[in-house]
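Please report on the strands, the core and the side-chain links of this chain. Keep it brief and organised by topic.

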Amino acid sequence: QVQLVESGGGLVQAGGSLRLSCAASGSTYSINVMGWYRQAPGKQRELVASISSGSTRYVDSVKGRFTISRDNAKNTVYLQMNILKVEDTAVYYCWSFIGRDYWGQGTQVTVSS
């Protein structure tokens, strides 16, 4: 079992930055892939970024603006979000897969114009 707890969401103006953190606890030794999903009102949840064995992937809409990183010593994954846009507004969920999906509780990111 793995528990994921996010922090770092909030309200920011367009063009600003935020950093999300996700602390993992439990059977963290078995974690390989971690990532961030987001879900905007009325839209499906989408994978924003993932990191696995040092390899990263991003959805096209955030490439060049968001950076995912992981501190294995702290069992924490980060999402640095720069040049935020109104369309980045969503609830962001930390995610991991170990035989099944694990989710954090979500953190709201709101970007104002």
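## Strand β11 and its partners

Val12 has Val111 in β11 as its bridge partner. The two strands involved are β2 (residues 10-13) and β11, which pair in the parallel sense over 4 bridges. Strands here are DSSP runs of E with at least two residues, numbered from the N terminus. Two of them count as paired if DSSP finds at least two bridges between them. The model is predicted: local features need pLDDT of at least 70, side-chain atom pairs count only at pLDDT 80 or more, and totals for chains, interfaces and linings use all residues. Residues are numbered from 1 along each chain as its sequence is written, and side-chain values use heavy atoms, with hydrogens and water left out.

β11 also pairs with β9, in the antiparallel sense, over 3 bridges. In that pairing Ala90 stands opposite Val109. Side chains alternate along β11. Thr107, Val109 and Val111 point to one face and are buried. Buried means under 20% relative accessible area, exposed means over 50%, and partly exposed lies in between (1.4 Å probe, protein chains only). In a regular strand the side chains alternate between the two faces of the sheet.

## The four-stranded sheet

An open sheet of 4 strands runs in the order β1-β3-β8-β7. Its pairing is antiparallel. β1 (2-7) and β7 (66-71) are the edge strands, each pairing on one side only. On average, neighbouring strands of this sheet are turned by 15° against each other, direction ignored. The axes behind that angle are lines fitted to C-alpha atoms, and angles run from 0 to 180 degrees between N-to-C directions.

β1 and β3 (residues 18-26) are joined by 6 bridges and run antiparallel. Val5 stands opposite Ala23 of β3.

## The nonpolar core

How many residues does the largest nonpolar core have? The count is 27. A core of this kind is a set of buried Ala, Val, Leu, Ile, Met, Phe, Trp, Tyr and Cys residues joined through side-chain atoms within 4.5 Å. Trp36, Leu79, Met81 and Tyr92 have the most contacts inside it. At least two core residues come from each of β1, β3, β4 (33-39), β5 (46-52), β7, β8 (76-81), β9 (90-97) and β11 (107-112). β3 gives the largest share, 4 residues. In soluble globular proteins, nonpolar side chains tend to be buried together.

Take Leu79. Leaving aside neighbours within four places in sequence, Leu79 is in contact with residues including Leu18, Leu20, Trp36, Val48, Phe66, Ile68 and Tyr92. Contact means heavy atoms within 4.5 Å.

The structure holds 1 disulfide (a pair of cysteine sulfur atoms within 2.5 Å). The bond joins Cys22 to Cys94, S to S 2.0 Å. Cys22 sits in β3 and Cys94 in β9, 72 residues apart, and the pair links distant parts of the chain. The link is left-handed, with -85° about the S-S bond. Both cysteines, Cys22 and Cys94, are buried.

Asn75 lies in the loop between β7 and β8. Asn75 is partly exposed, at 28% relative accessible area. Asn75 and Cys22 are 53 residues apart in sequence and 8.4 Å apart in space, C-alpha to C-alpha. Not counting residues up to four places away in sequence, Asn75 touches Cys22, Ala23, Ala24 and Thr28.

## Salt bridges

The count comes to 4 salt bridges. The rule asks for a side-chain nitrogen of Lys or Arg within 4 Å of a carboxyl oxygen of Asp or Glu. Which residues are linked in a network? The members are Arg38, Glu46, Arg65 and Asp88.

Arg38 and Asp88 meet at 3.0 Å, N to O. Arg38 is in β4 and Asp88 in the loop between β8 and β9, 50 residues apart. Both Arg38 and Asp88 are buried. Asp88 also meets Arg65, at 2.8 Å, N to O. Arg65 lies in the loop between β6 (55-58) and β7, so its pairing with Asp88 ties together parts that are 23 residues apart in sequence. Arg65 is buried, as is Asp88.

Lys63 and Asp60 form another salt bridge, at 2.9 Å, N to O. Asp60 is exposed, with a relative accessible area of 60%.
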